[in-house]
Amino acid sequence: MNRRRFLGSSAAGGAALGGAAALAWTSRAEGQTANLPPRFAPSAYTVPRSPNSPYLTPDYYTFTDNLVIERNQPGRPHEGKVLAAIQAHSDDITLFAAGTVAKLIAEGYTGYLIRLSNDEKAGKTVGYGVVQNEIDNREAAKALGCKKAFSFYYRNHRMDDCAMVEIRQRLIFLFRLLQVNTVIAMDPYDHYDENPDHLVMGKAVETAAWMAGVGGGREYPEQLKAGLKPAEIRERYYHSRAPQGHNLVNRVVDIGSYIDQKVRANVANKGKGPAGDNGAHLRRTLAAQGRKLPLLGDDDATANFQYVKHFIMDDFRTIGQLFGMEYAETFRYIGPEPDFSATVRRYVDEHAVSA
Amino acid sequence: MDQPGRIHGAAAAAAPGGDVIVMKDEMGQPHQGKVFAAIHAHLDDIPHYGAGLCAKLMHEGYAGYLIRTSNDERSGGRSTAENILNNEQDHARMAAALGFKDVFDFYYLNHDMDGISYIDLRGRLILIFRLLKVDTVISFNPWEQWEQNPDHWVTGRAVEEASWMAAMPNDFPEHLEAGFQPHAVGERYYFCVRPGQPFNRVVDIGSHIEKKIDALVECKTQGDGNRGSMVRAELSHRGKRLPLLGDDDRSADRAYARQFLLEDDREYGKPHHLQYAERFYYADQRRSSRSNADEYIEKNAVPL
């Protein structure tokens with residue numbers, strides 16, 4: 001089956017489009033290979049995928065009918081708030097969510113980057129891999145404007161062998177120490193993701209974000225005795241990753257103003273991934289052949305930057321155009337719980353009578 | 001704790017682990033400013049195996065903290081939920097009776113601690129050791145043979161490893177971020193619980209026996225702390241009384257503890273002419289501030 005074909009839109013997709021300049025969802029009448037009978041409305045959408053960058057868009061998205069497009073907010077409305085961007089590997093957040101991280105920090109958040117694995121599998125030896133990725137994680141955090149980067153160094157690609165509850169303990173500790181309000185991480189339900197680190201990380205974040213709060217006062221009470229305060233995490237941005245997956249999307253973030261920062265964060269990932277020094281490498285390869293690509297400029301820094309922006313960010317440009325913007329990142333967003341006690345109080349105020 | 005663990009008679013002659021040193025009372029408060037953590041799995045472990053040492057160390061200046069790792073849900077004869085609550089309440093009272101400054105309860109599943117995330121337990125102990133700057137631990141011997149209760153050896157293993165790792169800055173570096181510095185736990189006292197387990201310290205607890213009894217009688221949900229009053233009530237029901245047990249429940253419990261629950265402590269003391277003693281395997285992991293290399297360099301370095 002050709003997974004790159006792009007199914008037609010239907011009312012089942014809801015109000016997925018926003019803005020007059022949106023790239024329309026069209027069905028391909030010519031060479032149509034989808035065989036869904038007309039009486040069925042599709043419940044998932046294939047998304048155009050760039051041939052330039054691997055693994056950045058899942059096969060299918062499911063869009064909710066209350067999808068929100070999050071745009072730039074003026075001023076610094078999030079001043080005083082704290083976000084934690086948690087990734088299994090040094091290039092997860094930078095590839096999938098760096099634009100949103102940069103945006104939220106620009107809008108007032110204090111940001112922290114937390115990496116769970118040691119990335120040992122990405123390097124000419126395990127030792128080199130660990131060292132280079134440690135540097136990359138730190139540099140990516142700086143590029144994004146994060147206040148600090150943390151690393152837990154669990155063994156790369158073996159995190160399903162770790163004790164999830166210990167990872168959770170450490171995340172709860174950090175969430176409480178840093179007083180995190182918002183987490184950004186890979187979707188814990190990243191269907192068909194073949195990398196166990198992602199799934200373990202996602203579940204650990206999901207459970208820790210809940211248990212770190214006031215209701216979790218019985219969770220690791222020694223941390224509270226040590227002076228840490230419960231952390232009320234009220235917002236979660238979960239990004240997708242698995243190329244074979246399908247992910248629920250209810251928030252699309254306009255990262256057009258922050259794309260250069262996202263590019264720089266990806267260039268910082270030299271140890272692995274599709275970004276890093278690939279631009280400079282390509283420029284030198286071409287030079288050795290007596291050729292040049294004007295896009296890549298005349299120095300390594302320009303080559304790296306332009307390579308990432310032109311090739312690697314293609315998918316984010318594509319999804320952005322689908323929603324009427326230059327670049328976008330997509331998320332399953334979970335927002336604050338409604339205050340049920342306030343609802344009850346209001347009802348009482350309105351309806352209570354004298355005894 | 002389970003009753004078969006009690007050591008009686010000839011079997012009490014457990015194998016010494018090297019030279020046996022008798023620890024007597026120290027005058028004044030030589031340990032002022034120091035901290036110990038007593039880590040046990042169940043309500044009645046420290047009261048039976050180490051309450052005398054705990055009372056002695058606190059009398060001599062230590063600040064003592066108590067950590068219980070299991071939830072004791074399997075012990076108490078009531079429903080699982082009632083056992084958890086009753087043991088929890090007894091534990092708080094027992095800790096207060098002995099004079100512990102604070103108590104930490106981890107509530108891992110009783111008798112199932114070999115199924116938990118062991119490194120989760122270790123991580124929590126490392127945080128507490130760094131937070132409190134623990135100098136000395138009292139716990140189960142991690143290598144105790146013939147130990148059928150997994151909670152004991154899991155606790156002992158986690159304590160031993162956490163005691164060492166708490167000094168390593170790369171273990172849980174986020175603790176340093178929170179202001180808790182790496183901290184080495186220098187001294188370890190491991191209980192001698194089963195026949196044949198090694199010991200190299202015999203601690204004279206004669207001066208602190210009343211404190212030990214104070215702790216034992218709070219172990220009502222398990223540990224026979226209220227056995228004296230139960231026997232007194234049972235005898236009364238049969239029209240009998242035991243003069244040893246006195247005329248009220250409190251006296252009965254204390255008398256029972258003194259007569260029956262301290263049998264081992266009397267046996268341990270006999271070879272050393274002590275009224276009561278507890279046995280431990282003691283490991284001194286304190287490092288000298290100056291190494292052999294430092295001393296050699298100091299002694300042998302010459303001008304260029």
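The model is predicted: local features need pLDDT of at least 70, side-chain atom pairs count only at pLDDT 80 or more, and totals for chains, interfaces and linings use all residues. Residues are numbered from 1 along each chain as its sequence is written, while chains are lettered from A and ligands numbered from 1 in the order in which they are written.

Start with chain A. Its secondary structure comes to 11 helices and nine strands (DSSP runs, H or I of at least four residues for helices and E of at least two for strands, numbered from the N terminus). Of its 355 residues, 45% count as buried, with 20 or more other C-beta atoms within 10 Å of their own. Now take contacts (C-beta atoms, placed from the backbone, within 7 Å). Among those in chain A between residues at least 6 apart in sequence, 78% join residues at least 24 apart.

Next, find helix 7 (residues 259-267) and helix 9 (residues 300-312) of chain A. Their axes, lines fitted to C-alpha atoms over the stretch in contact, come within 9 Å and cross at roughly 115°. The two helices are therefore roughly perpendicular (65 to 115 degrees). Helix 7 of chain A contributes Val263(A), Asn266(A) and Val267(A) to the contact, and helix 9 of chain A contributes Asn304(A), Phe305(A), Val308(A), Lys309(A) and Ile312(A).

Finally, turn to chain B. The contact takes 13 residues from chain A and 13 residues from chain B. On the side of chain A, helix 4 (residues 164-178) gives the largest share, seven residues.

Notes
Axes fitted to C-alpha atoms, helices over the stretch in contact; angles between N-to-C directions. Parallel < 35°, antiparallel > 145°, perpendicular 65-115°, else oblique. Contact = placed C-beta atoms within 7 Å. Buried ≥ 20, exposed ≤ 12 C-beta atoms within 10 Å, placed from the backbone.
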